[in-house]
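Here is a structure to walk through step by step. Keep the sequence and the model in view as you read.

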Amino acid sequence: VEELQQLMASYPNVPVFWNFLYAAYTRIEKKGKAEEIVLEMYRKFPDYLYARLAYGHILLENKELEKFAEVFDNKFDLQLL
């Protein structure tokens with residue numbers, strides 16, 4: 001986590017570091033921190049597929065189906081995205 005935070009401080013516009021940090025927080029069962037990262041990652045990189053997927057997962061867990069559809073522009077096939 002600390003290494004990823006340092007990388008993100010140096011390279012804030014590299015979305016893969018955000019995704020790795022989200023995965024790290026998920027792995028160590030820090031759900032609140034993981035969700036914070038997802039929300040910020042999606043805000044900063046709305047077209048980044050992994051940001052959409054992670055945010056979409058949160059929306060599905062919260063049964064926010066309309067928002068989920070909006071995140072994916074009502075396209076549920078990877079080729080369409």
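**Along helix 3 and beyond**

Glu36 and Lys33 both sit in helix 3, three residues apart, about one turn of the helix. Helices here are DSSP runs (H or I, at least four residues), numbered from the N terminus. The model is predicted: local features need pLDDT of at least 70, side-chain atom pairs count only at pLDDT 80 or more, and totals for chains, interfaces and linings use all residues. Residues are numbered from 1 along each chain as its sequence is written, and side-chain values use heavy atoms, with hydrogens and water left out.

Glu36 forms a salt bridge with Lys33, with the closest N and O atoms 3.8 Å apart. A salt bridge means a side-chain nitrogen of Lys or Arg within 4 Å of a carboxyl oxygen of Asp or Glu. Side chains of opposite charge can pair when their charged atoms come close. By this rule there are six salt bridges.

Arg43 and Glu40 also lie in helix 3, three residues apart. Their side chains meet in a salt bridge (2.5 Å, N to O). Arg43 counts as exposed because its relative accessibility is 56%. The classes are buried (under 20% relative accessible area), exposed (over 50%) and partly exposed (in between), with a 1.4 Å probe and protein chains only.

Is Arg52 buried or exposed? Arg52 is buried, at 9% relative accessibility. Its side chain meets that of Asp47 in a salt bridge (3.5 Å, N to O). Asp47 is exposed, at 67%. Salt bridges with shared partners join Asp47, Arg52 and Asp73 into one network.

Leu53 belongs to helix 4 (residues 49-61). At 39% relative accessibility, Leu53 is partly exposed.

Technical notes. Helices (H or I, at least four residues) and strands (E, at least two) are DSSP runs, numbered from the N terminus.
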